[in-house]
Amino acid sequence: MHYGIIAAGEGSRLRQEGVELPKPLVNLDGRPMIERLIRIFIGCGAESISVIVNEQMTEVRQFLEDLVPTLGVPVNIVVKTTPSSMHSFFELSRLMEGKGRFILTTVDTIFRARDFVSYVEAFRDAPADVDGMMAMTDFIDDEKPLYIDVDSEMNITAFRDTAWDSAKYISGGTYGLSGPAIGVLSECMDNGVSRMRNYQRALVEKGLRLKGFPMGKIIDVDHAADIPVAQDFINS
């Protein structure tokens, strides 16, 4: 399996709240969160890892360049400032094209390693006609959650901005995708689509078969107060 990390955000909210380190370098369990992700991926048998950081994150770039020689796994570092996570994904997609299934996540998506392992195994073992598998969580603590509607077999039928009476899951910020999804991404870029949630809607509209995978509790680190919560969570 190939993996990608979107770490190109500016982390402006954390800076405004007094966190001096760039978000990817914030320490969670004795190591920067971006290194934690990379080592989880390696533990899942990563064939390659691709990371995008923005041009202002010179500390993150240097950290990765120092880390890569110690890993024993090919790591591609893309340095580019992009207007959105979807644009960052587009830059990484060029490194994923033609490699079969891959998993993409944002750097501030915090999950337990064992839950992620189960997700990877489920996506790896999914039937060939499954074009993607999205991590879902029923822990809803996001400022603007993206709700996921699934049928009885966990096929995704819709992505919605607002909840409904039986709404249970939201997007966990981790996306298992394959070649057809890259084709839809290119179309979205050509059509001026600019948000990951709208791209995900386009996947459904284009008829791709997407499965949802409940991955337990997932936390986003958006504010300074989220950091100790994330630390306690992964150490619990």
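Mentor: Let us start with arginine 197, which is buried at a relative accessible area of 14% (buried means under 20%, exposed over 50% and partly exposed in between, with a 1.4 Å probe and protein chains only). The model is a predicted one, in which local features need pLDDT of at least 70 and side-chain atom pairs count only at pLDDT 80 or more, while totals for chains, interfaces and linings use all residues. Residues are numbered from 1 along each chain as its sequence is written, and side-chain values use heavy atoms, without hydrogens and water.

The side chain of arginine 197 meets that of aspartate 161 in a salt bridge, at 2.7 Å from N to O (a side-chain nitrogen of Lys or Arg within 4 Å of a carboxyl oxygen of Asp or Glu). Arginine 197 belongs to helix 7, whereas aspartate 161 sits in the loop between strand 8 and strand 9, so the pair ties together parts that are 36 residues apart in sequence (helices, H or I with at least four residues, and strands, E with at least two, are DSSP runs numbered from the N terminus). Aspartate 161 is partly exposed, at 42% relative accessibility.

Helix 7 leads us to helix 6, because the buried residues of helix 6 pack against helix 7 (196-205), as well as against helix 4, strand 4 and strand 9. Those buried residues are Ala181, Ile182, Val184, Leu185 and Cys188. They cover an arc of only 160° around the axis, which puts them on the same side of helix 6 (the arc is that of the directions from the helix axis to the C-beta atoms). Leucine 185, with a relative accessible area of 0%, is in contact with Met86, Phe89, Phe90, Ser93 and Tyr199, leaving aside neighbours within four places in sequence (contact means heavy atoms within 4.5 Å).

The length of helix 6 can be checked too: at 1.5 Å a residue, its twelve residues, 179-190, should span 16 Å, and the end C-alpha atoms are 17 Å apart, which agrees (the expected span is 1.5 Å times one less than the number of residues). After helix 6 comes glycine 192, with a positive phi near 80°.

Finally, glutamate 187 is partly exposed at 35%, and its side chain meets that of lysine 206 in a salt bridge of 2.9 Å, N to O. Lysine 206 lies in the loop between helix 7 and strand 10, and glutamate 187 in helix 6, so this pair ties together parts that are 19 residues apart in sequence.
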